[in-house]
Amino acid sequence: MSEPQLLSAHAGNWTGDGTGVTVILPPPGTVGSGEVRGGAPATREFDLLHPARLVDRVDAVVLSGGSAFGLAAADGVMTLLRERGLGFPTALGPVPIVVGMSIFDGSVAGTPPTAEAGRAAALAALDGDEFRTGATGAGAGAHTGTWRGRADPGGLGRADGRAGPARVTALVVVNAWGDVLAPDGRPFFGGAETYQAAMPFQRANTTIAVVLTDAKLTKNDCHLLAQSGHTGFARALHPAHSRYDGDAVVALATGELTADVDLDLLRAVTTETMAAAIRAAVAYP
């Protein structure tokens, strides 16, 4: 198997015509949880991520365009993992735990990502293809600033941080209704221009993200980490978490690090790393 692209996780993209898929394949046994704060999510298997649910492992996370249609991309990833004997063990064979999150892009009116697209992105991850960010993968059809009646750049962004001995990576698809904010709080695009009240169909947006750390965390710890990822949304997006956004974060802990980690420090670093990843999504060449 090729070298991983995100800490110890493999990551790959499939890019279509104004849409795409990004797949994250963490190592076996990775613990995960997540939280949705937007009012209009398009998700798959998110109920399993609640800390009270039985299953604590995650075998893959699939980010895609196409809104609810694009969730089909996860089927291709799930089939591929089953072929390789990966998944939650049951009496009838392994059941891969594949979490899906989708943004609303133009492919909703055309050809959204399919199971074949999801499989292609997963194979790109496993084959060691170069992992790119920007207007590629699930970020290919992303835009921001629609609350101003515009289509400012969006995309796929990544940032890395460190909390003591622990490493953390944030990967985010930014397709927000609001603006991306620079560290000084000013919008990257549009200056002080007044926003425009948008029609409902113009409010089809979503920012979706994955936080990955090598720390050894419980499922409840991962839930808290996902909440800190949302705090990063609030730092770098305005407005965030609207009724028309499907904003969601999944937090994954691979557990390779044996040293103790200060969870509150890790959460603080996660917030800053997520904000940096959001800015990176629109700062590509």
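Biologist: What radius of gyration does the protein have, and what would a compact globule with 285 residues have?

Modeller: The model is predicted. A compact globule with 285 residues would have a radius of gyration near 19 Å, and the protein has 17 Å, which agrees. Along the principal axes, its C-alpha atoms fill a box of roughly 55 × 45 × 35 Å.

Biologist: How many helices and strands does the protein have?

Modeller: There are five helices and 14 strands. Of contacts between residues at least 6 apart in sequence, 81% join residues at least 24 apart. Buried residues make up 55% of the 285.

Biologist: At what angle do the axes of helix H2 and helix H3 cross?

Modeller: The axes of H2 (residues 73-83) and H3 (residues 115-126) cross at roughly 50° and come within 5 Å. The two helices are therefore oblique to each other. The crossing of H2 past H3 is right-handed.

Biologist: Which residues make the contact?

Modeller: From H2 they are Ala 73, Asp 75, Gly 76, Val 77, Thr 79, Leu 80 and Glu 83. From H3 they are Ala 115, Gly 118, Arg 119, Ala 122, Leu 123 and Leu 126. By type, the residues of this contact divide into seven nonpolar, three polar and three charged.

How values were computed
Residues are numbered from 1 along each chain as its sequence is written. This is a predicted model: local features need pLDDT of at least 70, side-chain atom pairs count only at pLDDT 80 or more; totals for chains, interfaces and linings use all residues. Side-chain values use heavy atoms; hydrogens and water are left out. Axes are lines fitted to C-alpha atoms, for helices over the stretch in contact, and angles run from 0 to 180 degrees between N-to-C directions. Helices (H or I, at least four residues) and strands (E, at least two) are DSSP runs, numbered from the N terminus. Angles under 35 degrees count as roughly parallel, over 145 as roughly antiparallel, 65 to 115 as roughly perpendicular and the rest as oblique. A crossing is left-handed if the near helix is turned anticlockwise from the far one by less than a right angle, and right-handed if clockwise. Contact means heavy atoms within 4.5 Å. Ala, Val, Leu, Ile, Met, Phe, Trp, Tyr, Cys and Pro count as nonpolar, Asp, Glu, Lys and Arg as charged, and the others, Gly among them, as polar. The radius of gyration is taken over C-alpha atoms; the globule rule is 2.2 Å times the number of residues to the power 0.38. Buried means under 20% relative accessible area, exposed over 50%, partly exposed in between (1.4 Å probe, protein chains only).
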